[in-house]
Amino acid sequence: MQLYLPIAEWPVNMFMIFGVGGAVGFISGMFGVGGGFLLTPLLVFYGISPAVAVGSVSAQVAASSASGALSYWRRKLIDWKLALFLLVGGMLGSVVGVEVFAVLRKIGQLDLVIGLCYVVFLGFVGGFMTWEAIGTILASRRNEVPAPKKPRTHGIVQTLPFQVRFHRSKLVISAIPVLALGLGIGFLGTLLGIGGGFLIVPAMIYLLKVPANLVVGTSLVQMVVTMAFTTFLQASNNHTVDIVLAFLLMIGGVIGAQFGAQIGQRLKGEQLRALLGLLILAVGIRFAVELVVKPADLYSLSMVIGGAK
Amino acid sequence: MSRRLAAALGFGLAFAASSATAETLVFEPSTKRVEITSNFSGTTLTVYGTVERDAATIGRGGDYEVAVMLVGPERAAVTRRKERLLGIWVNRDSRTYHAPAFYAVATTRPIAEMAAAATLKTAQVGLDGLILPEVVPGGVEVLAGTVSFRDAYLRLRRREGLYAEYPGAVRRLGQNLWSVTLPIPAEVPVGDYKVRTVLFADGAPLAEQVSHVEVVKSGFEQEVAELAGVHSWIYGLICVGVSLLTGWLGGVLFRRD
């Protein structure tokens with residue numbers, strides 16, 4: 001069924017969008033990530049302008065992380081104080097992100113910067129995740145129990161000023177890296193139309209040493225607030241949020257996530273990490289190929305600001 | 001450098017003077033208003049017209065040729081060219097054209113056979129002669145321009161389906177009566193459209209008539225677009241509200257624990 005999107009000014013097949021949302025929701029439910037890094041490129045591939053895709057996906061990410069955060073809230077697996085610090089940084093990053101987004105779009109380098117960021121971040125995180133997970137799988141095949149890594153007690157996060165105590169996480173760390181992490185994720189999330197779950201979760205585990213059981217819930221809270229704020233900024237400043245598109249994606253995503261979560265529970269942690277790592281790596285490589293291979297048409301056309309395109 | 005534009009304008013005035021005494025075109029589009037609703041998937045616009053002449057006009061040997069153009073609102077569009085920089089393809093050079101966002105032309109014969117290229121250009125009939133003013137610092141000007149960018153712009157517009165030529169699509173229904181049905185794709189930009197018809201005989205333009213058609217969003221589409229454009233912060237709050245509510249509902253409906 002054809003549906004005309006009011007802000008994207010583009011007709012889409014309603015079931016197609018619903019299906020894309022569902023498929024990405026399935027993956028996000030299975031791996032416990034937002035899936036923005038898959039959704040935005042898919043929408044662009046389908047013909048939605050990159051600006052509207054990024055804006056609308058931020059609304060979708062806000063919705064899907066709200067669902068997730070709710071479930072962690074019920075199980076009381078959220079460090080609210082840490083989340084507050086992260087989201088203050090996140091909102092600042094988002095303000096900067098929206099401005100940079102508008103400037104890049106104007107000078108015609110938005111696609112390039114998005115592409116480069118995808119290559120760097122997805123390539124790095126995907127590569128690391130795959131390598132680590134495959135190492136674990138091979139070790140368990142050989143019946144080796146990997147030696148538990150010694151937690152470093154004296155890192156840079158303990159020595160910087162503005163030490164803050166996070167009771168729930170049993171941590172005393174400087175506020176600077178926490179705010180900086182929030183800021184970085186908020187900025188990238190706004191620019192790339194992703195929640196940034198795949199970036200913030202490893203950073204919280206390896207850099208801030210937040211207990212593993214609190215990481216996901218806390219990062220989800222920061223994502224809900226940052227992405228809701230981003231949605232508002234993109235809608236009011238850049239006019240790039242298509243509520244009809246976002247709503248279709250949300251419905252598909254919420255349903256898809258339920259099935260994904262059921263499959264995810266049947267797989268082992270390292271298998272899940274290896275699969276997710278490969279997926280992230282694949283998306284990163286696809287972007288790299290696009291940047292390096294000579295495009296079929298060297299010319300491209302885009303509308304000068306003013307409304308949706 | 002805006003000589004061409006001036007020539008086109010002068011030509012228009014000359015028409016007005018000559019058409020009073022010789023042939024005139026009379027036509028009517030099937031609708032004055034194309035409404036884009038939520039299930040809009042493209043439509044067509046039919047134009048009927050006749051060639052009228054007063055008693056004093058001397059009968060001509062050749063047939064009349066008619067060109068019908070549907071010209072969209074002027075929009076600025078940037079054409080960018082990628083170049084290889086440090087191994088990756090990057091947008092470098094660009095041209096910004098202030099051109100119609102939509103341009104469809106239908107004719108009774110292949111466009112090139114109707115008149116000489118220069119005549120077609122002055123009459124602004126066909127894509128080959130379409131004037132593309134460039135946005136330059138301080139205004140809009142018609143420049144000699146770069147052929148490669150112009151060609152790329154027209155090619156990309158054609159590929160989007162927003163520029164099109166339909167040679168031979170204007171059907172003669174009688175000696176003086178003609179009609180054409182122009183397809184309007186689903187991606188059609190909203191705005192005010194001109195329907196221009198030009199009458200040719202023996203390779204020379206004889207008369208020109210212009211009518212107007214508007215393409216508007218309607219109903220829900222229009223309300224959403226207006227809210228997003230005019231009261232954008234209210235729209236932003238609604239977007240956030242819908243997102244959080246949907247997320248919350250999803251969390252409650254599919255509670256797993």
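Predicted model: local features only at pLDDT ≥ 70, side-chain atom pairs only at ≥ 80, totals over all residues.
1. Strand β4 (residues 64-71) and strand β7 (residues 103-107) of chain B run antiparallel and are joined by five bridges. If you want a spot to look at, find V68(B), which sits opposite A106(B) in β7(B).

2. Now turn to another partner of β4(B). Strand β13 (residues 191-201) of chain B pairs with β4(B) in the antiparallel sense, over eight bridges. Here M69(B) faces R196(B) in β13(B).

3. Keep going and you reach β14. This strand of chain B (residues 204-217) is antiparallel to β13(B), and 11 bridges hold the pairing. V198(B) has E208(B) in β14(B) as its bridge partner. The hairpin made by β13(B) and β14(B) has two residues between the strands, and D202(B) takes a positive phi near 50° there.

4. In chain B, six strands line up as β2-β14-β13-β4-β7-β10, forming an open sheet with mixed pairing. The edges are β2 (33-36) and β10 (163-166) of chain B; each has a single partner strand, so one side of each has no neighbour in the sheet. On average, and ignoring direction, neighbouring strands of this sheet are turned by 15° against each other.

5. A word on domains. Chain B is assigned a domain 1 (3-217) and a domain 2 (219-257). Five residues from domain 1 of chain B and five residues from domain 2 of chain B make the contact. On the domain 1 side, the residues that touch domain 2 of chain B are two nonpolar, two polar and one charged.

6. Next, how do the chains meet? On chain A, 46 residues are in contact with 49 residues of chain B. Elements of chain A giving two or more residues to this side include the strands β1 (2-5) and β2 (10-13), along with the helices α9 (212-238), α10 (243-266) and α11 (269-292). The largest share, nine residues, comes from α3(A). By residue type, the chain A side that touches chain B splits into 30 nonpolar, 13 polar and three charged.

7. Finally, which strand of chain B pairs with β5(A)? The partner is strand β5 (residues 74-85) of chain B, and the two run antiparallel over five bridges. To find the place, look for M303(A), which stands opposite A77(B) in β5(B). On the chain A side, β5 (299-303) is also among the elements that give two or more residues to the side touching chain B.

Conventions: Residues numbered from 1 in each chain as written. Chains lettered and ligands numbered in written order. Contact = placed C-beta atoms within 7 Å. Helix = DSSP H or I, 4+ residues; strand = E, 2+ residues; numbered from the N terminus. Nonpolar A, V, L, I, M, F, W, Y, C, P; charged D, E, K, R; others polar. Pairing = 2+ DSSP bridges. Axes fitted to C-alpha atoms, helices over the stretch in contact; angles between N-to-C directions. Domains from an automatic or database assignment.
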